[in-house]
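Please keep the sequence and the structure in view while reading.

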Amino acid sequence: GNCKSTNKEIYTKDNIISTQTTSSIHNGSILNLCNLLFTNIKNKSIASCSDDNKIAFISGSSSLILSNYCIGHTKAVNRLACSNKFLYSVSRDLSLKQWNSDNNCVSTVDNIHTLNPSGVAVLSNDEYVVTGSRDYSVKCFNTETKQIIKEYKHSRNIVTFVDINESVNQSLIYQGSEDLCVRVWDIRSNSYLPVATINDYTYFPLCNSFDSSGNYLVTGCKGFN
């Protein structure tokens, strides 16, 4: 939201067990949060990004404390994703950055898209990272060489999120679009057409998650569904 502080509600399966407020994390809207608890990025619990061009690392569990910032983007940081070792960010400055646990930027890919990037996802082993944008495209990069492995483009495909269902099939890329659908791409395939399309949305899907089995895709929309 448009705030300089954020409330973080900690959930069990059935209940909110505590609400914690960390004030003055950002000087702008918080655009995305990334859970770091199950990674090897030590002593950090959450990463947040903002239109103040910064990424904040937050530490703690029983109490949340601002740890430090990652500074390197020149425009709003839109989305975050983490592997076991690194944090990845995409920004309105059209770059993709990779950050280590010491808050250092270890690599940058510039001009990843021609319009604002709106999604990023990465395999836990850093084999490849995926980005999506308002320029109708989804791109898959080799994290070591920074070369594009695959690029998918579809008419009116204004990308709202990208994700990888690693627990079921790490070659499948899921992406939401403002043309009221979710498209699925397979990087193993020689085809540049989606292998599946989920339609019938009334409002376009903005965000997603998978259940613990990986068999169900959950999406949230601009609206009430």
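In this predicted model, the count of salt bridges comes to 3. Side chains of opposite charge can pair when their charged atoms come close.

One of these pairs joins glutamate 178 and arginine 134, with 2.8 Å from N to O. The two residues lie 44 residues apart and link distant parts of the chain. Glutamate 178 belongs to the loop between strand S16 (172-177) and strand S17 (181-186), while arginine 134 belongs to the loop between strand S12 (128-133) and strand S13 (137-142). Glutamate 178 has a relative accessible area of 26% and is therefore partly exposed; arginine 134, at 36%, is also partly exposed.

Arginine 183 and aspartate 179 form another salt bridge, with an N to O distance of 2.6 Å. Here arginine 183 is buried, at 5% relative accessible area, and aspartate 179 is buried as well, at 18%.

In the salt bridge of aspartate 186 with arginine 188, the closest N and O atoms are 3.2 Å apart. Aspartate 186 is buried at 12%, whereas arginine 188 is exposed at 57%.

The fold itself may now be considered. The protein contains 0 helices and 20 strands, and 49% of its 225 residues count as buried. Four of the strands form an open antiparallel sheet in the order S7-S8-S9-S10. Its edge strands, S7 (77-82) and S10 (105-109), each pair on one side only. Within this sheet, S7 and S8 (residues 87-91) pair over 5 bridges, and arginine 79 stands opposite valine 90 in S8.

Conventions: Residues are numbered from 1 along each chain as its sequence is written. This is a predicted model: local features need pLDDT of at least 70, side-chain atom pairs count only at pLDDT 80 or more; totals for chains, interfaces and linings use all residues. Side-chain values use heavy atoms; hydrogens and water are left out. Buried means under 20% relative accessible area, exposed over 50%, partly exposed in between (1.4 Å probe, protein chains only). Two strands pair if DSSP finds at least two bridges between them. A salt bridge is a side-chain nitrogen of Lys or Arg within 4 Å of a carboxyl oxygen of Asp or Glu.
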